[in-house]
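Please keep the structure in view while reading.

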Amino acid sequence: MTSSQDDRHDRHEATADETAGAAADGSTCQNCGSADVGTDPVHRVYLSPEAPEDVDAAIIADEIERWCAACLANYPHQPVTAG
């Protein structure tokens, strides 16, 4: 991301509680619903259908979700940094 994108898409750093898991045990993917999988905290990214390659047009959700490795590999997202 460029510095203007960093400013535009500034996200808070996750607290320990947020990175520990949104589900009770953090083992259910909140994107596809797969259970008993490892998950990572992310912000969902919505791309523009008219210009999916234009990152400046993307909208990054404020909510933190927990996604499995398959969803991380296939869908746009922004990782949540621990802090």
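## Nonpolar core

In this predicted model, the largest nonpolar core consists of 5 residues, namely Cys29, Val42, Trp67, Cys68 and Cys71. In soluble globular proteins, nonpolar side chains tend to be buried together.

Trp67, one of the residues of that core, touches Cys29 and Val42 and also, leaving aside residues up to four places away in sequence, Asn31, Gly38, Thr39, Asp40, Arg44, Leu72, Tyr75, Pro76 and His77.

## A buried arginine

Arg66 belongs to strand β3, which covers residues 65-67. Which side chain of opposite charge is nearest to the buried Arg66? That side chain is Asp40, at 5.0 Å, and because a salt bridge requires a side-chain nitrogen of Lys or Arg within 4 Å of a carboxyl oxygen of Asp or Glu, Arg66 has no salt bridge.

A polar atom of the Arg66 side chain does, however, lie 2.7 Å from the backbone oxygen of Thr39.

## Overall architecture

The protein contains 3 helices and 4 strands, and these elements follow the order α-α-β-β-β-α-β from the N terminus on. Of the contacts between residues at least 6 apart in sequence, 63% join residues at least 24 apart.

Of the 83 residues in the protein, 31% are buried. The accessible surface amounts to about 5,200 Å², and carbon and sulfur atoms account for 50% of that surface.

Note on methods: Residues are numbered from 1 along each chain as its sequence is written. This is a predicted model: local features need pLDDT of at least 70, side-chain atom pairs count only at pLDDT 80 or more; totals for chains, interfaces and linings use all residues. Side-chain values use heavy atoms; hydrogens and water are left out. Helices (H or I, at least four residues) and strands (E, at least two) are DSSP runs, numbered from the N terminus. Buried means under 20% relative accessible area, exposed over 50%, partly exposed in between (1.4 Å probe, protein chains only). Lys and Arg count as positive and Asp and Glu as negative; His and the chain ends are not counted. A polar contact is a pair of N or O atoms within 3.5 Å; within protein, one must be able to donate a hydrogen and the other to accept it, and residues adjacent in sequence count only if both atoms are side-chain atoms. A nonpolar core is a set of buried Ala, Val, Leu, Ile, Met, Phe, Trp, Tyr and Cys residues joined through side-chain atoms within 4.5 Å. Contact means heavy atoms within 4.5 Å. Accessible areas come from the Shrake-Rupley method with a 1.4 Å probe; for residues, only the protein chains shown count as cover.
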